[in-house]
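Visitor: Hi! I'd like to walk through this one with you, if you have a few minutes. Could you bring it up?

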Amino acid sequence: MIARDATAAAVGSGLRSGKRDWSGRLFASALLGSLLAALVILVALLWEVVAKGMPVLTERGVDFLAAGPSSLPAEAGIGAALAGSFVMIIIVTVVAFPIGIGAAVYLEEYARDTWLTRAIATNVRNLAGVPSIVYGILGLVLFVEALNRVVDIRDLGSLLSGGLTLSVLVLPIVIITTSEALRSVPRSLREAAFGVGATRWETIRYHVLPAAAPGILTGTVLSLARAFGETAPLLLVGVSTGFFSTGGADTIERLLRSPYSAVPMQILNWSLFPNPAFKSLAAAGIVVMMTILLLVNGVAIWLRNRYERAW
Amino acid sequence: MASAKPIVTAADLRGGSARRRRETAIRGSFAIAAGLSIVISAIIILSLIGNAISFLRQIDLSWLVAGGWFPRSDQFSIATVFVGTFIVAGVAMLIAVPLGLGAAIYLSEYASARARRTLKPVIELLAGIPSIVVGFFALTLISPDIVQRLFPSATFFNLLAAGIGVGILSTPLVATVAEDALRAVPQSLREGAYGLGARRRLTSTRVVVPAATSGIVAAVILGFSRAVGETMVVLMVAGGTGGSSFTINALGPGQTATGAMAALAVGTDQVKGSSAAFQSLFFVGLLLFVVTFALNVTSARFVRRARRHG
C-alpha cells in the first residue's frame, strides 16, 4: 500500500512538473558517465602500458620476443616465458578440453535429472567461483607433491605442474560454456536422429556436437585466453623459483628449463624490480600479452559469427 | 496386397552387441569426466582441511591473535589479514558498484540497440584484462599519480590503491550480472509504468530496478566475492609481502588473505617446506575458500529467487 502511494505521488509529480525533466537528464548522464568512466579506465590502462612498453619493442624488436631472462635489462626478453606459456596452453588443450566437453555432454545429453546430476552441476558452478589462488593449493598438493612421488617431474617439472593446474582452473568454464552450447541445440534435431535409428552416441557425434560446435569453440578459446593470463595459481606450483638464470636461452631445452616459464609470471617479476628499466620491460611484456589475447578473442568472435546458426 | 511386413524392426534398431558395448563404454567415460569435478572439489577441501589442521597442531593458538601477520616470527594474526581483505574489497565495491550498476542500468534501460552494440564491448574488453595488467597499472599509475597525489600522507604501497585496482577488475562482473537481471524484467512492467505517465528515470528506479533487486544483490555479492579472491593486484601494491602489522589505515601498507598466500608462495617471507609458517598458507586458504564459497552460495540463492519471481 505504502509503496503504491509513493509511486502514485512520484508519478503524479512527474506528470505535473514542467516540460524539461532536468533530474531525469542528470540521472541519464550519470549512468552514461559510469560507462564512460569504465572506458576512460580502459583507455588510460592501455595508454599507460603502450607508452611505457612501446620504446622497448621498437628498439629491441624481435630480440625482445626471442631473448630469455637476464639480469641486464638491455638483454632480457620474453622468449622463454612465451615458450613456457605456449607449452602450458597445449597441456590445457589436451587435458581440459576432452574432460570438460565430455563432462558437459554427460550432464546435458545422458544424465537424468537426479540429485547426483544436480549436485554435480551445482559443484561445477561453485568451482567456477573458487579464487584462482586456491587452485594453486590444489596444484601444489596434487601436481607438485603427489606427482613428484609418482614420476620424477624435475625436468619438465614446473611446466607440467603449471599446465595441469591451469587445466583444472579452466575446467568449470569449459563445462559451463559447452553445456550452454549443447542446450541451445533444439530437441527436434535429436529426436530426428533417434527416429532413424541412431544410438545416443551417434546422435551426439554426428548431429548435436556439430550443431553446438561454434558455441563450444568460442567457449574453449576464451578459456584458453583465461589460462594464458592467469598468474596467481602459478605462484604456488613453483613456476618461478629463481629470479635470474645466467645467459640467454639458446636451445628449446634451455627455454623449457629456464626458471621463467609463463608470460604473466615474467611480467610480475619485472614489475617488482625498483629499476625503472625493468618496469618498461614489464610494460612491453604486457603489450605482447595483450596483443596475443586480442588476437585470440578476435578469433573466438570470428568463429562465432562465421558458424553461428539461429534455430 | 497382403499386410506389409515392417521393414525395420526393433531388433534391427537395437544393433549388434558391439554397438551396444561401445555405447556403454562412451557413456561411462563421459560419466567419469563429469564425476571428476566432484573429485576435484573433494581434493581441494580435504587438502585444505588436512593441512590447516596440521598447521593448528604445530602452533600455539595464541599466535593467531598476535599483533600482526609475520609468519617468520610466529605471528599469525588472522584479524590482520581479514581486516585487510575487507578494506580492499570494500574500496573495490565503492568503485565497482556505482560503475557496474550505472553501466548496467544504462545498457539495459537507456541505450539504443546501436549504442548498446558499441558500448557493451567496453565492459567485455575490461572483463578480458588479466589481473596482472591491472596490478601493473595500480603500481605505476594509481598509487603514485592518484592515491599519493590525493592523499599526500599515503605510502607508496597502500591498501587504497590495491582496492581501486581490484574494483576495476570487479566492475565488469557486477555490470554483466546486473544487466542480465535488468533485461530479464518483463517489458510489460515498463510499458505499464510508461502508460501511467512515468518517465524513463522513474520507470528505471521505481519499477525495473526494484523488480530486479534479487539479481542486482546477486551481482554485488558476486563482485565482492571476486574482490576477496583477487590476488595479483594486492600482491603488487598492498605492500604486505614481508608481513604486516594490524592496520585499519587504507592509506598505509597492509596484508590480505590472498596477498599473504601469494607472499608465502613466492618465498618473500623466507619460509619453506613443512614449517608452521609455510603451513599457514593452507589455513588462510581454507578461510578464504569458506568465505568466497559462502558468498557464492548466497549469490546463487538470490539468482534463483530472481528466477522464481521474475
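Visitor: Leaving aside its neighbours within four places in sequence, which residues is Asn126(A) in contact with?

Guide: Asn126(A) is in contact with Phe293(B) and Asn296(B), once neighbours within four places in sequence are set aside. Keep in mind that this is a predicted model.

Visitor: Where is Asn126(A) found?

Guide: Asn126(A) is part of helix α5 of chain A, which covers residues 115–128.

Visitor: Let's zoom out to the two chains. How many residues of chain B are in contact with chain A?

Guide: 70 residues of chain B are in contact with 70 residues of chain A. On the chain B side, helix α2 (residues 17–58) gives the most, with 18 residues.

Visitor: What classes of residue are on that side of chain B?

Guide: The side of chain B that touches chain A has 46 nonpolar, 17 polar and seven charged residues.

Visitor: How does the model score?

Guide: The scores are ipTM 0.88 and pTM 0.88. For chain B, the mean pLDDT is 88, and 93% of its residues reach 70 or more. For chain A, the mean pLDDT is 84, with 86% of residues reaching 70 or more.

Visitor: Where in chain A is confidence lowest, and where is it highest?

Guide: In chain A, confidence is lowest in helix α11 (residues 252–257), where the mean is 53, and highest in helix α8 (residues 187–195), at 93. There is also a stretch, residues 241–249 of chain A, where pLDDT stays under 50. The model has 19 contacts beyond four places in sequence for that stretch. Where pLDDT is low, the predicted coordinates should not be read in detail.

Visitor: Good to know. What does the secondary structure of chain A come to?

Guide: Chain A has 13 helices and zero strands. Of its 311 residues, 43% count as buried. Looking at contacts in chain A between residues at least 6 apart in sequence, 77% join residues at least 24 apart.

Visitor: Pick a helix pair in chain A for me. At what angle do α12(A) and α13(A) pack?

Guide: Helix α12 (residues 263–272) of chain A and helix α13 (residues 276–307) of chain A pack at about 160°, and their axes are 8 Å apart. The two helices are therefore roughly antiparallel to each other. The crossing of α12(A) past α13(A) is left-handed.

Visitor: Which residues of α12(A) and α13(A) meet there?

Guide: From α12(A), they include Ile267(A) and Trp270(A), and from α13(A), they include Phe278(A), Leu281(A) and Met289(A). By class, the contact of α12(A) with α13(A) has nine nonpolar, three polar and one charged residues.

Visitor: Over to chain B. How do α4(B) and α6(B) pack?

Guide: Helix α4 (residues 113–127) of chain B and helix α6 (residues 159–183) of chain B have axes 8 Å apart and an angle of about 135°. That angle makes α4(B) oblique to α6(B). Ile123(B), Leu126(B) and Ala127(B) in α4(B) meet Thr171(B), Pro172(B), Ala175(B) and Thr176(B) in α6(B). By class, that contact has five nonpolar, two polar and no charged residues.

Visitor: I was also curious about Leu169(B). Is it buried or exposed?

Guide: Leu169(B) counts as buried, because it has 25 C-beta neighbours inside 10 Å. Leu169(B) sits in helix α6 of chain B.

Visitor: What does Leu169(B) touch, not counting residues up to four places away in sequence?

Guide: Leu169(B) touches Ser131(B), Val134(B), Arg226(B), Glu230(B) and Val233(B). The C-alpha atoms of Leu169(B) and Gly135(B) are 9.9 Å apart, and the two residues are 34 apart along the chain.

Visitor: Last one. How many residues of α11(B) are buried?

Guide: Nine of the ten residues of helix α11 (residues 257–266) of chain B are buried, so this helix is largely enclosed by the rest of the structure. Among them are Ala257(B), Met261(B) and Leu264(B).

Conventions
Residues are numbered from 1 along each chain as its sequence is written. Chains are lettered from A and ligands numbered from 1 in the order in which they are written. This is a predicted model: local features need pLDDT of at least 70, side-chain atom pairs count only at pLDDT 80 or more; totals for chains, interfaces and linings use all residues. Axes are lines fitted to C-alpha atoms, for helices over the stretch in contact, and angles run from 0 to 180 degrees between N-to-C directions. Helices (H or I, at least four residues) and strands (E, at least two) are DSSP runs, numbered from the N terminus. Angles under 35 degrees count as roughly parallel, over 145 as roughly antiparallel, 65 to 115 as roughly perpendicular and the rest as oblique. Two residues are in contact if their C-beta atoms, placed from the backbone, lie within 7 Å. Ala, Val, Leu, Ile, Met, Phe, Trp, Tyr, Cys and Pro count as nonpolar, Asp, Glu, Lys and Arg as charged, and the others, Gly among them, as polar. A crossing is left-handed if the near helix is turned anticlockwise from the far one by less than a right angle, and right-handed if clockwise. A residue is buried if 20 or more other C-beta atoms lie within 10 Å of its own, exposed if 12 or fewer, and partly exposed in between; C-beta atoms are placed from the backbone. pLDDT is the predictor's confidence in each residue, from 0 to 100.
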